Amino acid sequence: MADWQELEKKYFMRTFKRMPLTVVRGEGARVWDEHGKEYLDFTSGWAVNSLGHCHPAVVGAVCEQARTLIQTSNQFYTVPQIKLAELLVENSCLDRVFFCNSGAEAVEGAVKLARRYGKLHLGGAYKVITTFNSFHGRTLTMVAATGQPKHQEPYTPLPNGFVNVEYNKVGAIKEATTSETCAVMLEPIQGEGGVNTPDDDYLKEVRAWCDDKGILLILDEVQTGIGRIGSLFGYEQFGVEPDIMALGKGLGGGVPIGAFLAKEKASVFAPGEHGSTFGGNPLACAAGYATLKFIIEGDIPSKVKQTGAYLISELERLKSKFDFIVEVRGRGLLEAVQFDRDLSDRVVRACLERGLLLNPVKPNAVRFIPPLNITKSDVDEAIAVLEPVLAEVGKER
Ligand SMILES: *Cc1c(COP(=O)(O)O)cnc(C)c1O
């Protein structure tokens, strides 16, 4: 058998810090390596495989659509795109949608829309306020939006038009707002930033401020959307409605797709002002439609709430047992534990050896983002691997 990991080292750009595992097959919450070893996957392709790997509803829709029509272009109407648009709009507070191919593209499209709104309705205001520790994607412009120096410093000078301020502090947003501000952009819970959950009133206060100033609220729900935190969209849990919302990750059940939606008043693109060759292609939209329909009809978000509560209670139990766990945080099936020092790599590697995949979201924090339809016994199985690993790590120090 080829040594895939050696070949990767030879041919691939040195950008990913990969773990020593080649995934060749997946089914539900499990994946297998090329030697047939099984792993319980609590990473879900970074919160993408919302129904687990190769869910029959998604596989069926993709196979059927692949035989029917894979791509044409947005020069024409296509059925899966319109069906998915209807499902998203009818189940959210937004009125119109645009499809693209990734989270970064969705958020960037959302920012373009806000700038267009600023030009038309706010005297040319174009600046977008975002927060430290946020994550909005890897395009050069989204790196400027992402308030993390480690993503920004290698690429300066950055595109203009973003102001990064402290998260969970409405005063910081107020101070940063000027006549040049067209929007505030936030994740309801910061995902890549380490699963940082704001105070209950934060989003409401930001919403009120935006209304006050007549500026737009963009929610980047690429990670929190599509059931991840126990409601179809994250905003539902914080008592606010965004003017623009970006989606990605879990929307396609594993197939690459992104989208942004807007309220009617903010849907200001004129024909030709935005576009995409692949965005909204029938294949990805068929996958998105099958995924979203299954999640809505199966009331998966309320299952996420239950399983998530159970996972959090188990993580809290581990916290009371191991003094080097300093915090358990998150909602639904977007959770993390934080250690008092940089233990993530050791913990994640030890779990990998024992058949459990976790994500080291920060050097001192491990993230849990399993498929949305995992069972209580999957959680028990994960904890049964994690607990002795933590005991060992605790003994070593
Ligand atoms: C992952 C993520 C993105 C970027 O998505 P890509 O598909 O990697 O471009 C943007 N925003 C948030 C909140 C994310 O979690």
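**Entry 1: ligand contacts**

I began with Q223: an N or O atom in its side chain sits 2.8 Å from an oxygen atom of the ligand. I note that this is a predicted model.

I then looked at K249. Its side chain places an N or O atom 2.6 Å from an oxygen atom of the ligand. With F135 I turned to the backbone. There an N or O atom lies 3.2 Å from a nitrogen atom of the ligand. The cut-off for a polar contact is 3.5 Å between N or O atoms.

How much of the ligand does the protein bury? I find 82% of the 380 Å² that the ligand exposes when taken alone.

**Entry 2: the shell**

I listed the residues around the ligand. Among them are S102, G103, A104, H136 and G137. E187, D220 and V222 also belong to the surroundings. So do F135, Q223 and K249.

I sorted this shell by residue class. I get three nonpolar, five polar and three charged residues.

**Entry 3: domains**

I checked the domain assignment next. Domain 1 comprises 4-55 + 300-396, and domain 2 covers 56-297. Their C-alpha centres are 26 Å apart. I find 28 residues of domain 1 and 33 residues of domain 2 in the contact.

**Entry 4: the interface**

I wanted a size for this interface. Accessible area lost when the parts come together is often the figure given. Here domain 1 and domain 2 bury about 2500 Å² between them. Carbon and sulfur atoms carry 58% of that area.

The rule gives two salt bridges across the interface of domain 1 and domain 2. I then looked up R331 again. Its side chain meets that of D200 in a salt bridge, at 3.5 Å from N to O.

Last, I looked up polar contacts. Across the interface of domain 1 and domain 2 I find 15 residue pairs, with both residues at pLDDT 80 or more.

Technical notes. Residues numbered from 1 in each chain as written. Predicted model: local features only at pLDDT ≥ 70, side-chain atom pairs only at ≥ 80, totals over all residues. Heavy atoms only, no water. Near = heavy atom within 4 Å. Polar contact = N/O pair within 3.5 Å; in protein donor to acceptor, adjacent residues only side chain to side chain. Areas by Shrake-Rupley, 256 points an atom, 1.4 Å probe, with all protein chains shown as cover. Nonpolar A, V, L, I, M, F, W, Y, C, P; charged D, E, K, R; others polar. Domains from an automatic or database assignment. Contact = heavy atoms within 4.5 Å. Buried area = accessible area lost by both parts, 1.4 Å probe. Salt bridge = Lys/Arg side-chain N within 4 Å of Asp/Glu carboxyl O.
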